[in-house]
Amino acid sequence: AQHFLARMKTHEALGAFVAVNEDVTLAQARAADAALAAGTAGPLAGVPLAHKDIFVTTDFPTTAGSKMLAGYQSPFDATVVRKLAEAGAVTLGKLSCDEFAMGSANENVAVPAVGQGSATPVRNPWDRTRVPGGSSGGSAAAVAAGLAPAATGTDTGGSIRQPASFCGITGIKPTYGRASRYGMVAFASSLDQAGPMARSAEDCALLLSALAGPDLQRDSTSLDRPAEDYSRDLNASLEGLRIGVPEEFVGEGVAPGVRAALEAALAEYEKLGAKRVTVSLPRTELSIPVYYILAPAEASSNLSRFDGVKFGHRAKDYGDLADMYAKTRAEGFGDEVKRRIMIGTYVLSHGYYDAYYLQAQKVRRMIADDFQRAFAQCDLIAGPVAPTVAWKIGEHGDDPVADYLADIFTLPGSLAGLPGMSLPVGFGEHGMPVGLQLIGNYFGEAKLLNAAHRFQ
Ligand code: GLN
């Protein structure tokens with residue numbers, strides 16, 4: 001813990017951490033030492049890790065990257081945080097993320113990072129002029145730069161997989177419902193899922209075993225199925241494993257350097273005994289409009305709780321109650337969050353609900369069905385995580401759609417609720433890391449981690 005605390009200080013310019021507290025971290029580390037000495041230590045005793053600042057914590061403030069929650073202190077720990085602590089993990093601090101996890105580049109940040117005077121985007125450790133990806137960009141940057149051996153992330157439409165890919169680390173988004181959402185600041189509740197980000201599939205397996213599992217009293221969508229020992233089958237043979245590559249995932253839209261890294265990885269898998277088959281996910285392109293209707297719809301509902309009454313920010317000068325709500329929300333939310341609230345309330349409004357929200361729900365089901373047809377022909381699906389490597393900070397300028405389009409390969413699996421991971425397989429344009437995305441069928445986490453581990 002001391003090593004990482006020192007390293008965090010010399011790397012503050014990356015903007016990865018938004019909250020640290022040495023006393024808290026060292027006290028947890030001493031408690032882990034004592035548990036080890038007493039023989040009562042959990043499986044992660046003394047392992048330092050850091051949490052995306054979207055998980056509420058009692059030992060550190062929680063902002064979800066938003067001014068709306070500046071100064072907010074939770075009275076309870078998120079289930080994922082609690083479970084990792086019970087396994088003995090030591091918390092190094094909280095990690096920057098896009099505001100309410102809305103973003104693909106960790107540029108939508110409204111709170112300052114540790115050591116920075118004002119809100120700044122997180123920087124990619126491989127090239128500090130580039131984004132780390134998002135929304136779990138602080139988590140990916142911290143692990144890639146060696147500021148933490150592992151971190152938690154959340155993935156609604158790609159926010160674990162895409163930053164893992166952009167920063168050359170390993171991350172897994174489990175099956176929807178595999179980990180509890182209790183204490184995760186809600187973005188789009190039918191999609192939000194927590195998972196680990198680390199340097200290897202082996203480390204991800206250790207963390208996932210500790211953080212997964214039912215939490216039915218607190219999150220009714222958590223699945224009633226005990227966590228597995230995800231380390232058990234890491235070394236299983238890949239002989240005969242059918243890897244399906246969707247034809248829609250390897251087209252013209254993928255940068256040549258990304259495609260080359262992908263092809264090399266698939267060739268490596270064939271050497272490991274896997275068989276490559278071509279499958280089809282014909283509604284891949286539709287996943288963008290479907291997601292960018294459904295996620296904002298759910299977000300607009302979830303974010304209605306930030307009204308200046310119960311949580312965080314409240315405007316100072318206001319007239320009546322409606323004016324207090326309006327001023328609080330105008331001051332507290334950033335541009336991207338406001339954009340999504342407007343889209344969400346629009347697609348849910350009377351007269352537009354059938355044309356947008358309902359239609360999107362129907363296509364969502366069709367996308368999930370397409371995956372089941374694909375899984376009739378293969379055991380795992382492989383493809384790029386994103387069409388390009390990490391872009392330059394500011395490169396997408398004021399064009400949010402440029403960010404949305406880059407989510408094309410992570411959104412289908414999210415909409416279907418499937419587990420997916422990113423593992424580093426090489427380098428593409430500008431010498432930046434490229435991740436391979438592996439998507440499994442429901443509860444296929446062990447198979448994903450096994451495939452990733454054998455590659456690594
Ligand atoms: N980039 C997507 C979005 O902006 C996904 C974010 C996420 O997974 N949290 O919504």
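This text looks at an annotated site and then at a pair of helices in a predicted model. Residues are numbered from 1 along each chain as its sequence is written. Because the model is predicted, local features need pLDDT of at least 70 and side-chain atom pairs count only at pLDDT 80 or more, while totals for chains, interfaces and linings use all residues.

An unreviewed UniProt entry carries the annotation "active site" for Lys52, Ser135 and Ser159; such annotations may be inferred rather than shown by experiment. The three residues span 108 residues in sequence, yet no two of their C-alpha atoms are more than 11.0 Å apart, so they gather at one spot.

Lysine 52 belongs to strand E2, residues 48–52 (strands are DSSP runs of at least two residues, helices of at least four, numbered from the N terminus). Lysine 52 is buried because 32 C-beta neighbours lie inside 10 Å; the cut-off for buried is 20 or more other C-beta atoms within 10 Å, with C-beta atoms placed from the backbone. Beyond four places in sequence, its contacts (C-beta atoms within 7 Å) include Ser136, Gly153 and Thr154.

Serine 159 sits in the loop between strand E4 (150–155) and helix H5 (161–167). With 36 C-beta neighbours inside 10 Å, serine 159 is also buried. Its contacts beyond four places in sequence include Ser135, another residue of the annotation.

Elsewhere, the axes (lines fitted to C-alpha atoms over the stretch in contact) of helix H8 (residues 287–302) and helix H10 (residues 335–348) come within 7 Å and cross at roughly 100°. H8 and H10 are therefore roughly perpendicular, a term for angles of 65 to 115 degrees.

Methods: Buried ≥ 20, exposed ≤ 12 C-beta atoms within 10 Å, placed from the backbone. Contact = placed C-beta atoms within 7 Å. Axes fitted to C-alpha atoms, helices over the stretch in contact; angles between N-to-C directions. Parallel < 35°, antiparallel > 145°, perpendicular 65-115°, else oblique.
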